[in-house]
Amino acid sequence: MRIGIDFGGTNVKFGLFDEEGNTRRFAVERVAKLGASGDLLGALLDAAADFTAGAKLTRGGLGMKGMVDVQAGGVINDVGAADEFAGIDLRARFAGRLGVPFAFDNDARAYAFGEWKFGAGRGYPSIIAMTLGTGVGCAAVIDGRLFRSSNPASGLLGGHMSIDRSGPECPCGLKGCLELYCSAVNFEKRLLAAFPELAAEAIPLKTFFERAEARPAWAAVKEEFIDNLAIGVINVMHAYGVNTVVMGGGLMKSHEKIIPGLLEIVKRRAWMVPKGNVRILPALLEDRAACLGAAFLDE
């Protein structure tokens, strides 16, 4: 059995998987709850040990948000709770506590590897995984290997490719980043400002995409969103020379309303050989992708 852990901004997910990637257990804990004692790492280690009680573990893996040092097994920096792990060899701490070899990487890379090995990207030699959630996550698997280099940000900054040099300034320092236009959080903010009636809906984004075609003003915003997203998708395809993109995150709950129009534009504009040889696929593993990827990293 293998354990995979996905440490995100709000939740920590734990998955126990057999050697074929089948889920045996899955659990979600709030980061705030684990950190309430003042010892977040200790609570995280305890939670992992409790989660795997009685299981015969062979390996484990941790996907961690923020900038990470894969070689050193730790966090370099983060804008959230993971910053308190800076300088700690997390890989060694988890391996010591659970008694098995542990892998370690950024959560976006773990997500991409999970979707490549077990999800929508299975069977393709190379994929880019993009998630439209709080931000725009990005990572690539190229010829069966995660794209990495000595730079910890390698392959992760698809959301910080500028799609409008005259656009608003992003917290990263660039102007007009894809993330400002196409993350679920930022796009929802824009929708609520433009169409206040959406605030009464339980899931504003879902309602918007379901009803946009029947409302001209909404349809225009949807068309602009898809065009912006197409620019970002084509940018990462051209950057990595990969023709298959797996898309997940909160916005992709409406993938049937987004991907057909997106694919039409990307086929027409992307410089792939032969022309039009592109795939845009909805992610299949949902909240288990990064856990699965972490559990099988580097194999």
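Visitor: Are phenylalanine 7 and phenylalanine 85 buried or exposed?

Guide: Phenylalanine 7 is buried, and phenylalanine 85 is buried as well. Buried means under 20% relative accessible area, exposed over 50%, and partly exposed in between, with a 1.4 Å probe and protein chains only. Please note that this is a predicted model, in which local features need pLDDT of at least 70, side-chain atom pairs count only at pLDDT 80 or more, and totals for chains, interfaces and linings use all residues. Residues are numbered from 1 along each chain as its sequence is written, and side-chain values use heavy atoms, with hydrogens and water left out.

Visitor: Why is asparagine 151 called partly exposed?

Guide: Its relative accessibility is 42%, so asparagine 151 counts as partly exposed. A polar atom of its side chain lies 2.9 Å from the backbone nitrogen of alanine 153.

Visitor: What makes the pair of phenylalanine 208 and phenylalanine 209 edge-to-face?

Guide: Rings of Phe, Tyr and Trp (its six-membered ring) pair if their centres lie within 6.5 Å; planes under 30 degrees apart count as stacked, over 60 as edge-to-face and the rest as tilted. The ring centres of phenylalanine 208 and phenylalanine 209 are 5.0 Å apart and the planes stand at 80 degrees, so the pair is edge-to-face. Both phenylalanine 208 and phenylalanine 209 are buried.

Visitor: Which charged end sits over the ring of tryptophan 218?

Guide: That of arginine 215, at 4.4 Å from the ring centre. The rule asks for NZ of Lys or CZ of Arg within 6 Å of the ring centre and within 35 degrees of the ring normal.

Visitor: Which residues touch the most other members of the largest nonpolar core?

Guide: Of its 44 residues, these are Met130, Phe208, Phe225, Val233, Met247 and Val266. H8 supplies the largest share of this core, 11 residues. A nonpolar core is a set of buried Ala, Val, Leu, Ile, Met, Phe, Trp, Tyr and Cys residues joined through side-chain atoms within 4.5 Å.

Definitions and conventions: A polar contact is a pair of N or O atoms within 3.5 Å; within protein, one must be able to donate a hydrogen and the other to accept it, and residues adjacent in sequence count only if both atoms are side-chain atoms. Helices (H or I, at least four residues) and strands (E, at least two) are DSSP runs, numbered from the N terminus.
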